[in-house]
Amino acid sequence: MKKWIFCVPLLLITFIFVFIFETDAHAHPGRTDSSGGHTCRTNCESWGLETGEYHTHGGASESSSSDDSTSESSSSSNSSASSNDSWDKDCTDFSSYDEVVDYWNSKGYSKTNDPERLDGWGNAVDDGIPCEEPSGYDTAKINGSPAQIAEKAAVQDKTNGEKAGYTAGLGAGKKGVTSDSTSKGSAAYQEGYTIGYDEGYQNGSEVLEKQKITANKEGYALGKKQDKLVVPQQYASISSLKSSFNEGFNKAIEEKDEEKKKDYIALGVKDGKADIMNEPKSVKPIFIDAYKQGYDQGQSELKKTYVKQGHDAAFKNVKFKTPKLKSQKYINWYKEGFESNNKVKTIQNAAYNAGLNGEHYKVQAKYKHAEPIYKYYYEQGDQERKENNAASSGVVAAGVLGWLSRRFYVAKKMLK
C-alpha cells in the first residue's frame with residue numbers, strides 16, 4: 001500500500017514533463033499568447049509557415065468556449081499576457097534581423113543570459129544567436145556569439161603575438177642578427193608575431209646604429225691614447241659593435257702612424273745625405289719602409305751634389321781628371337756629371353770656329369765661366385788655320401818655281 005502511494009506523485013510529475021516537452025519539441029522560438037499561439041514574422045518558411053500566419057503550439061484550444069468561467073479565465077490570461085508584452089519580446093516582434101541583434105546587444109543577452117528566450121527557447125538550438133539568422137549573416141556582430149568570441153580571441157592572440165614578436169625582434173635588431181620571425185600558435189598569433197618582430201627589429205636596428213657610432217668614437221679616442229687594443233665588454237659581446245670599435249681604434253692608429261712615418265722619412269733623408277745607413281730596429285715595418293724611402297731620397301740629393309761638381313769641372317778641364325774623393329761612389333757620380341755636360345760642346349765649337357776663321361780672341365760673357373775651354377779650342381782652331389795657310393803658300397811657291405824652270409828650258413833650247 002505504501003509503495004503505491006509513493007508511485008502516484010512520481011507518475012504525475014512524469015506526465016507533466018512529457019506533456020511540456022511534447023508540446024515544445026515541435027515549436028519554433030518565440031513567446032506565445034494566452035491562447036498558446038502567435039503570428040510568425042521571421043524565417044517562417046523554415047517552420048512550414050507563411051509570413052504573418054497565426055498558429056498555436058498546442059498549449060490551448062483554438063475554439064472559444066461559451067462557458068463563463070472559461071471566458072473569465074481567458075480574460076485574465078489576456079490581461080497577464082498584455083502586461084508581459086511590455087518587456088518580453090518575441091522573434092516576431094521585430095521587423096528585421098538587424099533589429100533583433102540591436103535589441104539583443106542592448107540588453108547584454110548571451111547564451112547563458114537569455115531571460116526572454118529569444119535563443120531557441122531552451123531547446124537544442126541554444127547557441128548564443130537570437131532567433132534564426134539569415135543565410136550569410138555576420139554573426140560576429142552578435143554579443144556572445146561563437147563567431148564574436150572567436151573574433152575576440154583572434155584579436156587577443158594577434159595582440160599577444162605582436163608583443164612577443166616585438167620583444168624578440170627588438171633584441172635581434174640590437175644585436176644585429178637575424179632570427180626566425182615565425183612562431184607557433186594560432187594563425188592570428190603568428191600573424192601578429194611577424195608584424196611585431198619586423199617592427200621590433202627595425203627599432204632595434206636603429207638603436208644599434210646609434211651604438212655603433214658611439215663605439216666607433218670611443219675606439220678612436222682609445223687609439224689616440226694608446227697603441228694596445230682593449231675592447232670594452234659591452235662591445236665585445238656584439239659583433240657589429242666590436243667591429244665599429246675596432247674601426248675607430250684602427251683609424252686613430254693609422255693617423256698616428258702617418259705622422260710617425262714623416263719623422264722616419266726625415267731621419268732617412270738626413271742619414272742618406274750623410275751617407276750613413278742606420279736602419280731603425282724593433283719598429284713597425286711601415287716605419288722601416290719610411291726610413292728607407294727617406295734614405296734613398298737623401299742619397300739622391302747627395303748624388304746631385306757630386307754630379308754637379310763633375311758637370312762644373314767640365315767647364316774648366318779639357319780632359320777628365322779623377323777627383324780626390326773618399327768614395328768610389330762619389331767619383332763615379334762626379335764622372336757622370338762631367339760626361340753629361342753637353343753645354344761645353346757648344347762652347348768648344350764656338351771657340352774652335354773663331355780661331356779657324358782668324359777672329360780676334362775675345363771670350364764672350366756667356367762663355368766666361370768656361371774660359372779655359374774656350375781658350376783651348378780657340379787655339380786649336382787658330383793653329384789649324386795657320387797650318388792651312390802655310391800649306392797654301394807652299395803650293396803657290398812650287399807653282400811659280402816650276403813655271404820659271406819651264407821658261408828657262410825653252411829659252412835654252414832656242415839658243416841652241
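Close-up 1. The model is predicted: local features need pLDDT of at least 70 and side-chain atom pairs count only at pLDDT 80 or more, whereas totals for chains, interfaces and linings use all residues. Residues are numbered from 1 along each chain as its sequence is written, and side-chain values use heavy atoms, without hydrogens and water. The sulfur atoms of Cys91 and Cys131 are 1.9 Å apart and form a disulfide (a pair of cysteine sulfur atoms within 2.5 Å). The torsion about this S-S bond is about -100°, so the disulfide is left-handed. Cys91 belongs to the loop between α2 and α3 and Cys131 to the loop between α3 and α4, so the pair ties together parts that are 40 residues apart in sequence.

**Close-up 2. Thr92 and its contact with Asp90.** Thr92 lies in the loop between α2 (68–84) and α3 (97–107). Thr92 is buried, its relative accessible area being 6%. Its side chain makes a polar contact with that of Asp90, at 2.7 Å (a pair of N or O atoms within 3.5 Å; within protein, one must be able to donate a hydrogen and the other to accept it, and residues adjacent in sequence count only if both atoms are side-chain atoms).

**Close-up 3. The packing of α4 and α5.** Helices α4 (residues 146–175) and α5 (residues 187–225) pack at an angle of about 25°, and their axes are 5 Å apart. The two helices are therefore roughly parallel to each other (angles under 35 degrees; over 145 is roughly antiparallel, 65 to 115 roughly perpendicular and the rest oblique).

How values were computed:
Axes fitted to C-alpha atoms, helices over the stretch in contact; angles between N-to-C directions. Helix = DSSP H or I, 4+ residues; strand = E, 2+ residues; numbered from the N terminus. Buried < 20%, exposed > 50% of the residue type's maximum accessible area, 1.4 Å probe, protein only.
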